[in-house]
Amino acid sequence: MRAVLGMVGVGFMAFGVYLLADLRELADVLVWLGAAVVLHDGVVVPLVLAVGAVVGRGVVRGALVVAGAVTVVASPVLLRPGRTANPSVLPLDYGRNWVLAMVAVGVVAGVWSGVRWLRRGRRDGAQ
């Protein structure tokens, strides 16, 4: 089974290389990848590190990393140019869904911090 799945994966990779063989699209892909690196290394990482240094808590830093990653992944649909001619293309309210994802990250980080605080308080009170 492992060998079959490996061959399927290699087949998909070969198909991807075939699709990149069109030089016009290769230039677009390289521009997109370059912009992703610049956005990540020039904006997201310094912002997360600066806020993490100010806040200094592990859970908050983790939540910032998750929020930054979700934002970078969602940015193409968040920044899309208006409505398309085909209503089935990008049919959801991605801005609202991004806000809900950020709220979920914040709630999970808050609950996690609260649980850690309670455990620490019980441990300190037991001594």
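Tutor: Let's begin with a term: helices (H or I, at least four residues) and strands (E, at least two) are DSSP runs, numbered from the N terminus. This is a predicted model, where local features need pLDDT of at least 70, side-chain atom pairs count only at pLDDT 80 or more, and totals for chains, interfaces and linings use all residues. Residues are numbered from 1 along each chain as its sequence is written.

Student: Which element gives the largest share of the lining of the second largest pocket?

Tutor: That is α2, with six residues. Among the lining residues are Leu39, Val43, Gly68 and Thr71.

Student: What makes a residue part of a lining?

Tutor: Lining residues have an atom within 4 Å of a point of the pocket, which is an open set on a 1 Å grid over the protein atoms alone, where a 1.4 Å probe fits, with protein on both sides within 12 Å along at least five of seven lines. Trp32 and Pro76 are among those lining the largest pocket, whose volume is about 230 Å³. A volume is the space filled by probe spheres set on the points, which are joined across faces, edges and corners.

Student: Why is valine 99 called partly exposed?

Tutor: Buried means under 20% relative accessible area, exposed over 50%, and partly exposed in between (1.4 Å probe, protein chains only). Valine 99 has 41% relative accessibility, so it counts as partly exposed. Valine 99 sits in helix α4 (residues 94-126).

Technical notes: Side-chain values use heavy atoms; hydrogens and water are left out.
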